[in-house]
Amino acid sequence: MYKFYFFSFISMACALVALFIYTLKDATGLKYNQDKYLIVFSAILYAVSLIFSLISTTVIMLFIGYELITNNNSIQQTNKQLFPFYLIIILGFIGKMAIR
């Protein structure tokens with residue numbers, strides 16, 4: 001029981017840190033391609049959070065909200081930008097099903 005809560009906590013913490021790192025891509029003063037490195041690092045950390053628990057899939061709503069608020073994009077453009085995160089979620093579900 002406590003093991004489940006611990007892994008869920010670690011998962012949500014990693015997912016929220018991934019969101020924070022993702023928001024840094026819009027910071028001013030970034031060097032050449034540094035925003036792409038931040039997105040990749042954020043995606044890797046989000047994948048790690050899914051390994052601990054699939055409950056961190058709920059954080060994707062925060063990613064979507066952030067993109068919609070900051071860039072004034074349409075839902076379609078936001079979905080294109082967040083496609084790597086969607087792919088990570090799908091692969092996480094497939095991986096969890098394969099383990100069981």
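Two residues are in contact when heavy atoms of theirs lie within 4.5 Å. The exercises below use this definition on a predicted model.

**Exercise 1.** Find what share of the contacts between residues at least 6 apart in sequence join residues at least 24 apart.

Solution. Start with the contacts in the protein between residues at least 6 apart in sequence. Of these, 64% join residues at least 24 apart.

**Exercise 2.** List the secondary structure elements of the protein in order from the N terminus.

Solution. First count the elements: there are five helices and zero strands. Then read from the N terminus on, which gives α-α-α-α-α.

**Exercise 3.** Work out how the directions of α2 and α5 relate.

Solution. Helix α2 covers residues 34-52 and helix α5 covers residues 83-99. Their axes come within 10 Å and cross at roughly 25°. Angles under 35 degrees count as roughly parallel. The two helices α2 and α5 are therefore roughly parallel to each other. As for handedness, α2 passes α5 in a right-handed crossing.

**Exercise 4.** Describe the extent, burial and surface of the protein.

Solution. Along its principal axes, the C-alpha trace spans about 45 × 25 × 20 Å. Of the 100 residues, 31% are buried. The accessible surface comes to about 6,800 Å², and carbon and sulfur atoms account for 73% of that surface.

Technical notes
Residues are numbered from 1 along each chain as its sequence is written. This is a predicted model: local features need pLDDT of at least 70, side-chain atom pairs count only at pLDDT 80 or more; totals for chains, interfaces and linings use all residues. Side-chain values use heavy atoms; hydrogens and water are left out. Axes are lines fitted to C-alpha atoms, for helices over the stretch in contact, and angles run from 0 to 180 degrees between N-to-C directions. Helices (H or I, at least four residues) and strands (E, at least two) are DSSP runs, numbered from the N terminus. Angles under 35 degrees count as roughly parallel, over 145 as roughly antiparallel, 65 to 115 as roughly perpendicular and the rest as oblique. A crossing is left-handed if the near helix is turned anticlockwise from the far one by less than a right angle, and right-handed if clockwise. Buried means under 20% relative accessible area, exposed over 50%, partly exposed in between (1.4 Å probe, protein chains only). Accessible areas come from the Shrake-Rupley method with a 1.4 Å probe; for residues, only the protein chains shown count as cover.
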